[in-house]
Amino acid sequence: PNCNPVHGDGKVVGTEICDDGGLGGCLPDGSAVSANFVCTAGSTTSPSVCSCATGYKLSGVSCVTNCGDGLIYGSEVCDDGGLGGCFANCGGIQPNYSCVTGSTTTPSVCTCETGFALVSTSCLPICGDSKLVGNEVCDDGAQGWCISTCLAVSSGYSCSGGSVSAPSTCNCLAGYNKIGTNCLPICRDLKVLGNEVCDDGGSGG
């Protein structure tokens, strides 16, 4: 009878290419190194010594991509070294970021898209920059038509439009006049608006 190698005993013999004693770095039949591992050859008296390849880390008995190390390996789409521009699993780009992909030797380089600014690790809309982006409802370039958070139109105003390249267009509502940066009710026009209590058109009532 033929004597076959004992796989997983930490001795590289016969047709075995790799045997690390069953630690996961070698295929169970000893025919090759497991995916994403690098291993020394080993011998008849010593096991193969295996570790994860660059860009990977040990998880159980497998080597998985090392998300957050600033290197793009395996299925990673984006890895900026954990600076916030990429998903926590490196599977994509965070909202409102724009990233240069990176490579096996360089990290992804991420910056906020136009109209957004970095706050902590998030890109948030810049209110008052004349660019309507994200969750902004109105951005007139801080002219007073929109409230200071850009999440609503100021009282007495009507605003429409706006984009990443153009501000919102705003005017006073019917029954209001612009005085300074405010739209105030027109007294004596027979319309009770805003903070008016009474408007009889000037008849004296």
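Visitor: What does the accessible surface of the protein chain come to?

Guide: The accessible surface comes to about 11,600 Å², and 56% of that belongs to carbon and sulfur atoms, with areas from the Shrake-Rupley method and a 1.4 Å probe, where for residues only the protein chains shown count as cover. This is a predicted model, in which local features need pLDDT of at least 70 and side-chain atom pairs count only at pLDDT 80 or more, while totals for chains, interfaces and linings use all residues. Residues are numbered from 1 along each chain as its sequence is written, and side-chain values use heavy atoms, leaving out hydrogens and water.

Visitor: How many helices and strands are there?

Guide: The protein chain has 0 helices and 12 strands, taken as DSSP runs numbered from the N terminus (helices H or I, at least four residues; strands E, at least two). The radius of gyration is 33 Å, well over the 17 Å that the globule rule gives for 205 residues, so the chain is more spread out than a compact globule; the radius is taken over C-alpha atoms, and the rule is 2.2 Å times the number of residues to the power 0.38.

Visitor: What does the C-alpha trace span?

Guide: Along its principal axes, the trace spans about 120 × 25 × 20 Å.
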